[in-house]
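I opened a new notebook page today.

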Amino acid sequence: RLMTLPLIDGALFLDATAFEKYTTCRRSFQYYFLHKREAVGQRPALEAGAIFHEAMLVRRKLEHKMSLELYELAQERAIHRCYQGWTPPLDDFRTESHLIDVIRAYNRSPIMQNTFTPLIGLDGEPMAEVPFAEYLMTVTTANDWDIPVYWCGRLDYPTLWGDELWNLDYKTTTMDNGFDEYLNNHAQIGYLWALWKKTNKLPAGFVIDLVLWRKPSAKGKGIEFKRHRERIERTRIEEWFNTTCMIVEDIIRDSKANRLPMETAWCKGKWGFCPYLDICKLPPDNRQLLLESAFYKDVTWNPLRQP
């Protein structure tokens with residue numbers, strides 16, 4: 001099947017997921033980004049994480065206007081609305097009542113007492129879950145076709161710490177070492193580049209608020225919060241831009257040439273098996289049939305439209 005780049009008004013928009021899939025397994029990039037297909041099935045960790053973000057958006061928009069008790073009620077109403085559209089599996093601990101407990105505990109946690117000054121947008125409101133699409137480069141193809149390319153996504157919470165600009169990102173996880181994967185993370189540094197372009201102020205770095213949300217048990221701690229601040233030098237942000245432009249050229253070249261092989265070291269990762277493994281195990285002539293079957297659905301996620 002001939003690869004077609006999913007251009008919008010002649011431009012290519014790439015987010016963190018597209019870059020992550022391309023740099024780990026180009027075949028998964030093909031199925032997800034070019035064919036726009038993803039596996040059908042429950043993903044409780046991702047669904048609950050998205051609802052947590054929605055609740056925190058409510059807090060960021062209201063905390064400077066009302067008391068904790070009042071904006072917490074608004075958070076709980078937002079959580080209830082989200083759970084009206086999603087029911088976790090019966091054996092999953094990420095229930096509506098448990099997420100409300102997590103939000104209440106996070107609102108009162110010590111790390112939230114040492115918080116940042118919100119960055120105020122042009123509308124006079126705190127900036128939170130801010131969509132962006134920042135121009136990266138224009139790639140000229142072999143047939144002299146110019147493709148403008150944009151880095152897109154959402155900034156969780158751009159903030160000020162003193163006179164320094166930081167981007168705070170929430171991460172829900174069950175892993176104690178959840179910070180490790182973000183220490184030299186392409187997306188996190190890319191968000192700083194986007195924030196720099198959006199505000200014309202060089203960010204000092206990023207902050208990860210790790211929400212450790214485990215299954216309740218008689219042993220151990222079910223809910224825990226940790227904060228990590230990572231300072232990023234200007235030269236590293238500039239290096240991110242140069243590296244990303246090289247990857248963009250590779251993406252367009254490989255997509256146009258149908259050169260998107262499997263990277264089999266990633267068939268099983270830290271989160272389990274790749275959702276496309278069953279496809280890749282089939283004979284080549286049968287793969288498209290499974291990809292277009294009811295076991296997969298169209299990708300509708302868009303960071304410019306959804307939190």
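Which residues touch the most other members of the largest nonpolar core? I noted Leu14, Val149, Trp151 and Val248, in a core of 54 residues. A nonpolar core is a set of buried Ala, Val, Leu, Ile, Met, Phe, Trp, Tyr and Cys residues joined through side-chain atoms within 4.5 Å. Buried means under 20% relative accessible area, exposed over 50%, and partly exposed in between (1.4 Å probe, protein chains only). Helix α7 (residues 186–199) gives this core its largest share, eight residues. Another core lies apart from it, with 28 residues, including Phe52 and Trp213.

Before going on, I wrote down the ground rules. This is a predicted model, where local features need pLDDT of at least 70 and side-chain atom pairs pLDDT 80 or more, while totals for chains, interfaces and linings use all residues. Residues are numbered from 1 along each chain as its sequence is written, and side-chain values use heavy atoms, leaving out hydrogens and water.

Next I looked up Asp91. It sits in the loop between α4 (68–84) and α5 (96–107). Helices are DSSP runs (H or I, at least four residues), numbered from the N terminus. Asp91 is exposed, at 67% relative accessible area. Its C-alpha atom is 35 Å from that of Tyr191, 100 residues apart along the chain.

How many disulfides does the structure hold? I found zero. A disulfide is a pair of cysteine sulfur atoms within 2.5 Å. For Cys152, the nearest cysteine sulfur, that of Cys245, is 15 Å away. Cys152 is buried, at 4%, whereas Cys82 is partly exposed, at 25%.

Conventions
Helix = DSSP H or I, 4+ residues; strand = E, 2+ residues; numbered from the N terminus.
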